[in-house]
Every structure is written in C-alpha cells, then in structure tokens.
Amino acid sequence: MITLIGTNTSYSSNLNTLKNISMAVEGARPYKFTDYCRKISVNLQNFKKDGRFCDVVLISGEIQIEAHRVVLAASCAYFDAMFSVGLEESQKNHVSLPSVPPNILPIIIDFIYSGEILIDKINVQPLLIAADMLQLKELIVGCTEYLKGELHNTNALGIFRFAEAHNCTDLAHEALEHALGNWKHIAHGDELLDLPFQHLITILSSEQLTVDSEAQVLYSALRWLEHDPAARRRHCFEVLAHVRLPLIAPHTLDEAVKSLQDPSIAVALKTAGVDMTGRGALVPLGAEPRAKARRVMLVVGGSSRHSGTHPPLASDDILSSVLKFDLHKREWEELAPMEIPRIQPGVVTLNGCVYAVGGEQGSKILANGEVYEPQTNTWSSISPMKEARCEFGLTAWKGCLYAFGGWVGSDMGASVEVYDPLSDEWTIIGKMPEPRFGMGVVNYQGIIYIVGGCTPTWRYTRDLLSYNPSTGAWCSLANMKHARNQVTAVVLDHHLYVIGGNAPGPTVLSSVERYSFENESWEEVSQMRSARAGCAAGAAHGVLVAAGGNSEHSADRAFYRALVTLASVEVYEPRDNCWREAAPLPHGLAEAGAALL
C-alpha cells in the first residue's frame, strides 16, 4: 500500500517521489498517452467555440472573441504579463487589442489554441507584426520561415527592410545575404529606388556585395541618387565614398558623368573622380576589389612539353598542379594539387567549388573526378562518370554538372551525363546529335552552347549548337567563320568567344571570333599575339584571359596531344580590341581545364 504525500510538498517533488517509489516496485514501467496533449487542445478549442468556461473577450474593431485567460497566458508572454501583474486589463472581462487588425485576431487566437495556422503572401506581414507585439515566438518563427522561402530578387530588399523594422534579425540577415549575392540583378529592380539611405550604405559598403565589376556598384548608386535628386543630392559624396572608384576605368566614369540628368550629382561624381589623382581623401586610392568580386582563374592539370626540366607535380609530362591567376593583380599562385594528374579534364565551377572530372592519364581515359574547396584549399573525390571520357565539354546548370561527348574509350562519344552533387551520382540523360570531341562548351542564360570540335565526318568543324537542358531540345545555329577543334570557349559581355584551336593545314590558330547572342551572328576580333590550341581561358572584369596552350600541330600523330606547350599569357580588352601580354605561367602547359572563382 502506497501512502499519499502530504499537501505541503511541491507537485514536482511529489511526482519525483512517486516515480522513485514506483520504480522500486518490481516490474514497474512508465506509461505515456501520446495523444493526451492533442486531446486537451481539441477540448479547449471546443470550449472556446461553445463559449464554455470563457472568462475574457478580446476585441479588435467589430470583432469580439471569447477565450480563456489561462490558455492565453500559458501560450503567450504578452497575455501572461497582462493577466498577472495587476494591469488594468487583468480586472476586466473585455480586453481591446487595437494594434491587431480585425482580420488577423481570429487567426492568431486559433493558433494559440491549436498551434496550427495557414500563412500566405497576404497575411504574413500583419501576422508577423502582431506576433512580434504579442511576443508569440512560435508564430514569429513560422512567419519568418515562410518569408525566407519567398525570398526572390524582386522582394529581397523589401523583406530586408521589413525584418529590420520588426527586429527579426535572422530574417534580416538572410534577406540581406540574398540581396548582396544577387546584386547585379536586384540593382535593376524598383525596390532599390525606395531604399532608405542607411540601408543603401549598408549594402554599398559590404565586402560581400557580389558584382562582376565595381562599375555595377557605381551604376546602382547613381540610379538611387537620381530617383529623387532634390532629397538625395546632399548624400552624393557619402554614397560615392562607398564606391571603389579607382577600380573603374576612366572612360566608364566619363560615360557615367555624361549620362546623369542632375547637374549636382554629375559634378559630385566628376569631383570624386578628379580626387583620385591624390588630392584630398574622398575615395581610397589603394582600393581592392570586394571579397565577392575578387575573381581568380584556376588552371587545372594539363601537360607540359618543352626543352627544360619537368615542372613540379608532373608525371610523364602530365600535371596534377593547380595554378591561380588573380585577374586584378595579374599574378600567379600555386594551390593544392589534384589527387591525380590528368590532361584534357572537364573543369567547371559549381556552388563556389571547382570540379575536375575525367581526362586522360597516360593511355588511360578517366571516369573519376574530384572537387576543390577554396576555403580549405583541399581536393576530395566524387563518384565517377558512367563513361570515362577526355577532351569533352563540361558546364554547370541549376546546381548540376553536364558532361557532353568527348573521347570515350576508343572512339568519339555522343552521350550526355548529369551529375547531382547532393546525391553524388551521375546519370546519362541522352545523346548529342552526333559524336564530338575537342569542342568548346559554355552556358549562357540557361542555354548550353557547343562550338567547333571534331566529329566522325569532319576533323575540324564550324558548328555552333545549342542545347536546352529544360526541354532536351537541340538546335543548329550560325556557323563560325573558321573550322577548328581543340578550341577554348568563354562568355564575356553577351558574347561567346572562341579562342585559337587547330585548323586544316595542319595549323594552330591565333584567330579569335565571337558570337553575339543578341544578333545571332559571328565576327572576327583581333588575333592573339601567339597561335595556341587547347589553352586555358576565362573572362571577368571586362577582360578575357588566354593562358598556355599548344603551339604546334601535326597530322602525323594523335592530334589531341600537345607537341610544344606555351607559358605565355595574353589578356584581351574588347573596348580596345587588343591583346596584351600578362605575367606568364610558371611553366609551359596545355590541355588543362580552367574555371573562375
């Protein structure tokens, strides 16, 4: 027989004592009715619906809702304080809540009783405001998560401002992060125009502002100033102080001044530009690119054949080395090497990491791949492709890698594979119109373009194909002017550039031509200083970089292997239509992959 504990003992003490006594009895075990809380919640909702045991009426406008003080206080810190500390409302049967909209009050009270609510684009903001006032943390979390899921380039700044106003720090951080990461798109939207001054400064001063060039920052600052020049021209110099003007070409600054409608803003920009000569301190003379705008090109693997000794990290002329080219400083630096040497790999950037896949090692064609993490300067393996391939096309689209054709086994391949990094799995999804290798592959606005290369019919081609990964549709576009394989292709300023390559003759080309995505036509641009095939190339900050490559081509041997590798590097500026020499590679190389970070 168990004796009941005296009433002077606390409930928790009683419960613990009973548990200890029960556990002392042989065979005792705990029991919990899993739906008990649900049962109580349903009963309380029914009591509220029927008006049973209700002891308070909540009022907003013409809406009146009967409720139970104990339920409100147990669920919400605001009501707990109201009914506990002797406020006037604690003695009243009717409590007015004018700050909660009449259409929102019933939804919130239902949530307090049930823990369930339907959040949509119309009610989320008033719900969050009311939840913040009532200190209803669970509903604040629900509204915050909903808004995070709705973040888009068209509303990120608005959500950031709303979150800041209501002290939702987590939501404000995520909205600001989205805005900074997608600034080159958001800067063209209407939300920028109504952005408060301090919020604009927060963005313009951020190292995390992701832009292709500092000119994009300037244009967004000027757009904001000119939206309301009468009220904003007094902020000119403070706004421009957060634009890194020394990183912007003088002719771009001149064009910006000429485009301004307000004379005062134009004078301010012109003055700030003149100040860069060294007088005064309106702008920092030693400006560096922002952390998210510091673009570097990684040159991965390849081969090295020249009269000197083998470079480091080489095996049978095949490299595992990874070289980084800073497009701002124009300097080379060596990074951690790949796990294995490889020539003609597919190399591409995805989600801030660099993938190196396939390629060749000696006479063996590879299916394996690895991924480089810039933060740790380390490589790690990924799952191998379904088909081993080298000299193929690799690009990224919607969070996945796409591999096209290449030299597969002992022949040309036509298969298309997709790699999902989340599942670490490759899947063959189809075929190209015909087998092809030695081509250039790029992605532009969701369409993948394949240019040049070698097919079973033609050793050198002028082809330009487009592939829509959403529909799987292929389309033939305007041909290049020159047939070529072992080409390098990059995108810069709405153009597809095709650089060098091998041509009939046999000849190594110095020619460069570009395709206008807007006009759907080709034109030749200035030739490189050196003929090169299989070079590494990238484009950013308004310039194109071509590094290394093969300088000789023979029809008497495997034409996809380099004979003599170059160490020279050239930089092309479209405005001047001119190639200029840059800091050379540490050693000659060709048949490498390249990717931008």
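**A helix pair and its surroundings**

Analyst: Helix α11 (residues 197-204) and helix α12 (residues 214-227) have axes that come within 12 Å and cross at roughly 175 degrees. Axes here are lines fitted to C-alpha atoms, for helices over the stretch in contact, with angles running from 0 to 180 degrees between N-to-C directions. On the α11 side the contact is made by F197, L200 and L204, and on the α12 side by V217, S220, A221 and W224; contact means heavy atoms within 4.5 Å. Helices (H or I, at least four residues) and strands (E, at least two) are DSSP runs, numbered from the N terminus.

A word on the ground rules: this is a predicted model, where local features need pLDDT of at least 70 and side-chain atom pairs count only at pLDDT 80 or more, while totals for chains, interfaces and linings use all residues. Residues are numbered from 1 along each chain as its sequence is written, and side-chain values use heavy atoms, leaving out hydrogens and water.

Now to the rings. Rings of Phe, Tyr and Trp (its six-membered ring) pair if their centres lie within 6.5 Å, with planes under 30 degrees apart counted as stacked, over 60 as edge-to-face and the rest as tilted. By this rule there are 21 aromatic pairs. One of them is the tilted pair of Y372 and W379, at 5.2 Å centre to centre and 45 degrees between the planes. Both Y372 and W379 are buried (under 20% relative accessible area; exposed is over 50% and partly exposed in between, with a 1.4 Å probe and protein chains only). W397, Y402, F404, Y467 and W474 form one aromatic cluster.

Charges also meet rings: the charged end of K48 sits over the ring of Y113, 5.5 Å from its centre, and that of R69 sits over the ring of F83, 4.9 Å from its centre. This requires NZ of Lys or CZ of Arg within 6 Å of the ring centre and within 35 degrees of the ring normal.

As for cysteines, the count of disulfides (cysteine sulfur atoms paired within 2.5 Å) is zero. C400 counts as buried at 17% relative accessibility, whereas C578 is partly exposed at 24%.

Finally, Q135, in the loop between α6 (124-134) and α7 (137-149), has a positive phi near 55 degrees and is partly exposed at 44%.
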